[in-house]
Amino acid sequence: MMAAYAAANALHAEEKADTGGPPDAEDRGGVVLLEKNEKLGKKVFITGKGRCNVTNACETGALFRNLVSNEKFMYSAFYGFDNYAVMDFFEKAGCPLKTERGERVFPCSDHSSDVIAALTKKLKKEGVRIRLHTKVKRLLYADEKITGVLLEDGTTEEGEAVIVATGGLSYPSTGSTGDGYRFAKETGHRIKDPGPGLIPLTVKEEWCKKLQGLSLKNVAVVLKEEKKELYAGFGEMLFTHFGVSGPLILSAGSFYSGSRAVKGKVGAASLFIDLKPALSAEQLDKRLLRDFEENKNKRFKNCLGGLFPAKLIPVMTELSGIPPEKKVNEITKKERQDFAFLIKNLQLTVTGTRPIEEAIVTMGGVNVKEIDPSTMESKKIKGLYFAGEVIDVDALTGGFNLQIAWSTGHLAGESSVKLKISRS
């Protein structure tokens, strides 16, 4: 949608410059958007649990620090249409925005449908011809130049430029079924094997299931593959029937999924949870001393209410090795210090990720070495462009993946018109 808008907008700006006025209504619509679904924006509709985390209000340079793959490739795209430009775009399109914790930007209405409506409004204003229920079978090209696309019904759409913005493999019910990878392969492009990004982790420990549904805020995690640190972060996590999830874990999942070293090695990574990251080990020990002193005549299992949520207390008691019925005043210094270590290093053995169908984004995709980062055009086929998740670029949670979509789509759209002008 963003690519179609940017192409149409740039095309009409050029036509206006050439003719001294806006193009006639019947001449508009040099851009066609082919959508195989029954409506636009099905993927956008489900993002952010239906609220749509449009982008992030961080300073623009911070966008790069939140990328997981191919940071340098995004330089032109991000600076050409950055997060502030995205916010301005939607505000002017009639979708007021608000900024929440972590600089996450959402529509004020909390409805992703308003984001889709704003984009649709822009598309219609620019005269983009939208074809729903239209599935592309393959790309058409000759002499290393794109000529159009062949549709499933046997008809063709001719064009001097084609932008492939088909998404990845996550949430296939929205239409992301890997079509773009096939189009790219058929035109001679290399694909980095798609894998799940922003994905929950499965773990070995059975005690995790006892905590199903428990959400922890303001915790820190470190993901390690043997001694190598893959990821470290701070935020919110959730225990599930299969392991762990939540924003913090989803980001860790991208680094686990992206590590070649852990692929195929069950249990090759460990996740360490610091339940009290605001306290140093020494401060935590003093806190335990104070709590134990205040509850010295209580049993161990009954003195932890100030430290943990109720659901976590039986698990932490069991893992501590301290008998739950033991009087607090009988706990030894070593037992207390070992308990403090457990609190700051609660360890889980990672066995894998959930299936790619459950991933928020797809890692991997069209090799960035075969795409011009200043235009998003293929280096192999003239007039062929790629945008969004189909490219081997992905980011952490917080609106950064949608920013990749907006920026690469906008750049591809504008660049496709420059190609048309250069050929004229």
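Author: Helices (H or I, at least four residues) and strands (E, at least two) are DSSP runs, numbered from the N terminus. The protein has 12 helices and 18 strands. This is a predicted model, where local features need pLDDT of at least 70, side-chain atom pairs count only at pLDDT 80 or more, and totals for chains, interfaces and linings use all residues. Residues are numbered from 1 along each chain as its sequence is written, and side-chain values use heavy atoms, with hydrogens and water left out.

Reader: What does the C-alpha trace span along its principal axes?
Author: About 90 × 40 × 35 Å.

Reader: And how many of the 424 residues count as buried?
Author: 53% of them. Buried means under 20% relative accessible area, with a 1.4 Å probe and protein chains only.

Reader: Now Ser320. Which helix is Ser320 in?
Author: Ser320 belongs to helix H10, residues 313–320.

Reader: Buried or exposed?
Author: Ser320 is buried, because its relative accessible area is 17%.

Reader: What does Ser320 touch, leaving aside neighbours within four places in sequence?
Author: Phe300, Phe339 and Leu342. Contact means heavy atoms within 4.5 Å. Also, a polar atom of the Ser320 side chain lies 3.1 Å from the backbone nitrogen of Ile322.

Reader: How do H10 and H11 pack?
Author: H11 covers residues 333–344. The two helices pack at about 125°, with axes 10 Å apart. That angle makes H10 oblique to H11. Oblique is what remains once angles under 35 degrees (roughly parallel), over 145 (roughly antiparallel) and 65 to 115 (roughly perpendicular) are set aside.

Reader: Which residues make that contact?
Author: Met316, Leu319 and Ser320 come from H10, and Phe339, Leu342 and Ile343 from H11. They divide into 5 nonpolar, 1 polar and no charged. Here Ala, Val, Leu, Ile, Met, Phe, Trp, Tyr, Cys and Pro count as nonpolar, Asp, Glu, Lys and Arg as charged, and the others, Gly among them, as polar.

Reader: Switching topic. Which residues of H7 are buried?
Author: H7 runs over residues 179–186, and its buried residues are Asp179, Gly180, Tyr181, Phe183 and Ala184.

Reader: Which strands do they pack against?
Author: S6 (136–142), S9 (162–164), S10 (191–197), S17 (361–366) and S18 (384–386).

Reader: What comes just after H7?
Author: Gly188 takes a positive phi there, of about 90°.

Definitions and conventions: Buried means under 20% relative accessible area, exposed over 50%, partly exposed in between (1.4 Å probe, protein chains only). A polar contact is a pair of N or O atoms within 3.5 Å; within protein, one must be able to donate a hydrogen and the other to accept it, and residues adjacent in sequence count only if both atoms are side-chain atoms. Axes are lines fitted to C-alpha atoms, for helices over the stretch in contact, and angles run from 0 to 180 degrees between N-to-C directions.
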